Amino acid sequence: GGGGGGGGGAAVSDEEVVAAAVADVMPGGAMSNYLRHACVAAVFGQTLFAHGAVDARTAGYVPDDSTRFCLPAAPQAGRMVDSVSEWVDALNGLLERGLADHAARPEWDAERATRGGEVLLALQNRDAMWGRSIVSNSYADGGCITTESAACVREAALADAEARADPSAFAAVASDPLDAGVAAWLRSGDEGGVNSVSSHPHCCE
């Protein structure tokens, strides 16, 4: 039913709300058009911008186009690239191909097993990415992130996730913002590489 706003306009049904949301993500819709102009990652000057954490699991990792949005029994296919610029280009190329795939087949197939752009659904999900999501891996899960106790919690959670072979266990893993190996990789590019990272300070419960 309609909401309780005081504007005096016509009530909007739940079905109309759903239809509007679906239209937004379909080719030609507002969200679809927004994503066509978006980037998964971008470098401006010596700063790398990404939504999620650039950590030891995400840095240089590019998912395969065949990646499914699912709870996998093992890590899905992907590849590593050498440089920050190659990585950013590869991630943004993945976005372009995923959007083109969605435009070509936006609906579920007859078996409701897959649809176009599924790799982009997976890209933002830690479970599907086996803990390697450049969109949802986070530095800010669970309080202070740079203390010795936080490092112990992080290491224990990562070991538990890998030992259990359970993709959902990566939700408990907070990224290390002081990882020296990641910092060295970021700085290894031309003209000093990247010396700062800007990511969204989100938390996952």
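Predicted model: local features only at pLDDT ≥ 70, side-chain atom pairs only at ≥ 80, totals over all residues.
Biologist: Why is H102 called buried?

Modeller: Buried means under 20% relative accessible area. H102 has 17% relative accessibility, so H102 counts as buried. H102 sits in helix α3.

Biologist: Which residues does H102 touch, not counting those up to four places away in sequence?

Modeller: They are V25, M26, P27, G116 and G117. Touching here means heavy atoms within 4.5 Å.

Biologist: Why is R126 called buried?

Modeller: The cut-off is under 20%. R126 has 6% relative accessibility, so R126 counts as buried. Its place is the loop between α4 and α5 (148-164).

Biologist: What makes the pair of R126 and V173 a polar contact?

Modeller: A polar atom of the R126 side chain lies 3.0 Å from the backbone oxygen of V173. The limit for such a pair of N or O atoms is within 3.5 Å, so the distance meets the limit.

Biologist: How do you know that β2 and β5 pair?

Modeller: Pairing takes at least two bridges. Strand β2 (residues 47-50) is joined to β5 by 3 bridges, so the two count as paired. They run parallel. In one of these strands, β5, V197 is the bridge partner of L48.

Biologist: What makes β1 (41-44) and β5 (196-198) edge strands?

Modeller: The open sheet has 3 strands in the order β1-β2-β5, with mixed pairing. β1 and β5 each have a single partner strand, so one side of each has no neighbour in the sheet. On average, neighbouring strands here are turned by 25 degrees against each other, direction ignored.

Biologist: Which helix lies across β1 and β2?

Modeller: Helix α3 (residues 84-104) does, running at about 140 degrees to β1.

Biologist: What makes a set of residues a nonpolar core, and which residues have the most contacts inside the largest one?

Modeller: The members must be buried residues of the nonpolar kinds, joined through side-chain atoms within 4.5 Å. The largest such core has 26 residues, and L48, V54, W87, I134 and L186 have the most contacts inside it. Two or more residues come from each of β2, α3, α4 (118-123) and α6 (180-187). The most come from α3, with 8 residues.

Biologist: What does L48 contact beyond its neighbours within four places in sequence?

Modeller: Its contacts include V54, W87 and L186, as well as A41, A42 and V43. V197 is also one of them.

How values were computed. Residues numbered from 1 in each chain as written. Heavy atoms only, no water. Helix = DSSP H or I, 4+ residues; strand = E, 2+ residues; numbered from the N terminus. Axes fitted to C-alpha atoms, helices over the stretch in contact; angles between N-to-C directions. Buried < 20%, exposed > 50% of the residue type's maximum accessible area, 1.4 Å probe, protein only. Polar contact = N/O pair within 3.5 Å; in protein donor to acceptor, adjacent residues only side chain to side chain.
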